[in-house]
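These are my notebook entries on a protein model. I record below what I looked up and what I found.

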Amino acid sequence: MRKLKALFWLHLLRTRRYLVSILSGSFTDALWMAIFLFGAFSSRDILYAKEAYWALVAWAIIANAGWMIGGWIDYLSELGLLEPLDLAGSPPVTVASARAFTVLFSVFLSSCMLLLLSFTLGLNPLEVSSPLGLMVSLSLLWIQATAYGSIIASTVILTTTPGVLLDIASLLYMGLLLVDFPVDMLSLLSLIPLLGPGYLARQSVNSTYGLNFIPQAVTTTALLVILATRYSRYVVEAIKRREGYKSIAFQ
């Protein structure tokens, strides 16, 4: 627990020192999100635009976890810190996963920027039918996204392939989260990692029906966390068998 506190404190300090960089990244995310939100607002009704807002917030969580956690290994490799961290008892994947709270901060900033645009358009995404469903769904998505980022980070170390080449969910799920799936598909969607809680968050805008599928999303979340943890341990053992870390490079 003491090591985790130290890691969170380390990332908190870095967030403060590199605040301008984080603001720049959040602003870039908000610009991309604004394009899709404006498209939803101009081509569909107000209800769909509200759903699109929260779908885009869900995408921002997935995308930021992909590069802030998975891609962080590239940065540690460039600094030559993979071995020192491991020898200090802090596996690089654990160090990267601790950036989950930095992900929250970045997404919060980009969401607030997008919210300002929404208000300018006369749209209030904060008016939702199920605030509880929205909060729980986004919380589950954040946990799943952290596990997803951890899996990418472990794969980066194992294959020495840059994280940017391994992150496919942020590209794929952007479109899927904006698709109008039939309501009777929610049972299946809730079981799909990342997409499930993201789509349940969107569903919370116009109904409380999504709450019925939260238990299924919780089950998927638990399984994904277990998978990420075991995979991370497997990678640590694989690194020991091959006698050390290798530099991260394009292949």
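I first noted a cut-off: a residue counts as buried under 20% relative accessible area, as exposed over 50%, and as partly exposed in between. I also noted that the model is predicted.

Entry on W59. I located W59 in helix α3, which covers residues 46-70. I listed its contacts, leaving out residues up to four places away in sequence, and found M33, S170, M174 and L177.

Entry on the core. I found that the largest nonpolar core has 64 residues. The residues with the most contacts inside this core are W54, I62, I73, L177 and L194. Helix α3 supplies the largest share of the core, 17 residues. I then followed L194: apart from neighbours within four places in sequence, L194 is in contact with I62, L141, Q144, A145, Y148, A169 and Y173.

I looked up which residues make a nonpolar surface patch of about 340 Å². They are Y18, Y75, L79 and L81. I placed L81 in the loop between α4 (72-79) and α5 (82-87). L81 has a relative accessible area of 32%, so I recorded L81 as partly exposed.

Note on methods: Residues numbered from 1 in each chain as written. Predicted model: local features only at pLDDT ≥ 70, side-chain atom pairs only at ≥ 80, totals over all residues. Heavy atoms only, no water. Patch = residues over 30% accessible without salt bridge, like charges linked within 9 Å, V, L, I, M, F, W, Y side chains within 5 Å. Areas by Shrake-Rupley, 256 points an atom, 1.4 Å probe, with all protein chains shown as cover. Salt bridge = Lys/Arg side-chain N within 4 Å of Asp/Glu carboxyl O. Helix = DSSP H or I, 4+ residues; strand = E, 2+ residues; numbered from the N terminus. Buried < 20%, exposed > 50% of the residue type's maximum accessible area, 1.4 Å probe, protein only. Contact = heavy atoms within 4.5 Å. Core = buried A, V, L, I, M, F, W, Y, C linked by side-chain atoms within 4.5 Å.
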